[in-house]
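Have a look at the picture first.

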Amino acid sequence: MAAVQNVGIVGAGAAGLTAAILLADAGIHVEVLERADAPQTLGSGITLQGNALRVLRQLGVWEQIEAKGYAFSTLGLRAPDPAGTVVAVLDDMRTGGDDLPATLGMYRPDLTAILRDRAEQAGARISYGKTLTGITDDGGSVTVGTADGNTARYDLLIGADGLHSAVRKAIGIDIEPKSTGMGIWRAFVERPADVVRTDLTYGGPCFIAGYCPTGPDTIYAYLVERAQERRHEDGPRIMSELAAAYGGPWNEIRSNLDHSARINYTWFTTHLVDGPWNRGRTVIIGDAAHSCPPTVAQGAAMALEDAAVLAELLIKADEVTETVWKEFTDRRLDRAKAVVNASVQLGQWMLDGVRDADVPGLVHSVSVMVKEPA
C-alpha cells in the first residue's frame, strides 16, 4: 500500500496537476486546491524540452500535446543584422530520448487544460476559489485552512503554488525570488511561414531576440533586455522599436505587434531552497522550490520532473519516513540546482558583457545532465 491515501495539492499548474495524475492513477485520493475562481485561459507560450516531453508521455498525454503544439529538433542562430542572417542551424539534443523531438512549443493554457482534463479523468478533484490561510501538521496528517472558512485534512500536502508560494511561507521557508537584472517582453502572435524552429539572436539592442513556434498558426516571440520599469500598455510600441534591429521573420512579427497582440513584460527572477523541500508532511515542488530565468528553457521540465519523482516515491513507499524525503532530496536538489545556476550564469555573462563565455559548453553540459531520467 502507498505511503499516503489522501493527498492535498495547492496549485493547479503543471507541477500540481502532474502529481495529481500520477497519484490518482495509483488509487490515491487527491484534491487540488486552486486559488483562482475558475480554470485560467490566458497566458503565453511555453518551450518544453525533451525531458519535459518524457514526463508528459509518462502521463499518457503525449499525443494530445503533440497535436496541440509544434515540435522541432533544430536550433537556429541568427546575426543581429537587418537581414537576420542565419549563422548556423544546430541539431538540438534530444534530452527525452531519440524517440521524442528535442523541443516542443505550445500555448501554455492548452498544456494546462490537457493536464487538468487528464487529472479529472484519473479521479482527482479540483477545487477552485481556495486561498490558503494556514497549515497545521500534527505529525501524522496536515490540516489546511482556506479563506472561505473551510478546513481539510490530508495525509500529506504538496505545495505546487508557484514563485510566490503561500505554502512555502506557511511552513517557514523564508526565501523569495530575486531579480537577476533582466526583463523579458513576450508576445503571442501569428506564425510567419518561415518560422519552423526556435531561432535565437544574441546582441543588438537586446541581449536575446527569439521566438518559438507554438502551433500551426502561432508563435511566441520574446525580447530580453536589462530589467526596468515598464508598462504593459506600452508593449506594442516598445517591442516594435526593439525588434526593428532584427531582420528575417522579425519583419513579419513586428507587423503583428499591435494592441490586439497578447504582450506582457516580466523580470527574470531566481531562487532555490537549498536543502530539503519538506517540513514535516508538507513538501514544495516546481517554482515553489526553485526558479530560474528561461535562458536554458528548463523551468517547466524541472517542475514536471519534481512531481513525477515525488509521486513515484510516495507510491512505492509503505510509510512517509525521512528515508523518503532523503531520496527525494538526493534525486532532485542537485539537478535543480545545476539548472538554476546555469540559467543565472548565462544571463550574468550577458549582463557583464563577457565575450569569451563558453555558452555552447554550458548549455551542452546542462543538456547532457538532463538527458538521463531524474
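**Charged pairs and a charged patch**

Glu 312 is partly exposed, because its relative accessible area is 35%; the cut-offs are under 20% for buried, over 50% for exposed and partly exposed in between, with a 1.4 Å probe and protein chains only. Before going on, note that this is a predicted model, where local features need pLDDT of at least 70 and side-chain atom pairs count only at pLDDT 80 or more, while totals for chains, interfaces and linings use all residues. Residues are numbered from 1 along each chain as its sequence is written, and side-chain values use heavy atoms, leaving out hydrogens and water.

So which side chain does Glu 312 meet in a salt bridge? The partner is Arg 331, at 3.1 Å from N to O. A salt bridge here is a side-chain nitrogen of Lys or Arg within 4 Å of a carboxyl oxygen of Asp or Glu. This pair links distant parts of the chain, 19 residues apart: Glu 312 is in helix α8 (residues 299-316) and Arg 331 in helix α9 (residues 322-352). Helices are DSSP runs of H or I with at least four residues, strands are E runs of at least two, and both are numbered from the N terminus.

Arg 331, partly exposed at 21% relative accessibility, also forms a salt bridge with Glu 327, with 3.7 Å between the closest N and O atoms. Both of these residues lie in helix α9, four residues apart, or about one turn of the helix. Elsewhere, salt bridges with shared partners tie Glu 305, Asp 306, Arg 332 and Arg 335 into one network.

How many salt bridges does the structure hold? The count is 21. Another one of them joins Asp 199 and Arg 197, at 2.7 Å from N to O. Asp 199 counts as buried because its relative accessible area is 2%, and Arg 197 is buried too, at 14%.

Now for some charges on the surface. Glu 190, Asp 194, Asp 217 and Glu 252 gather there in a patch of negative charge. A patch takes residues with over 30% relative accessible area and no salt bridge, and joins like charges within 9 Å, or nonpolar side chains (Val, Leu, Ile, Met, Phe, Trp, Tyr) within 5 Å. Asp 194 sits in the loop between β13 (178-190) and β14 (198-203), and is partly exposed at 45%.

Terms used: Areas by Shrake-Rupley, 256 points an atom, 1.4 Å probe, with all protein chains shown as cover. Lys, Arg positive; Asp, Glu negative; His and termini not counted. Charge placed at Lys NZ, Arg CZ, Asp CG, Glu CD.
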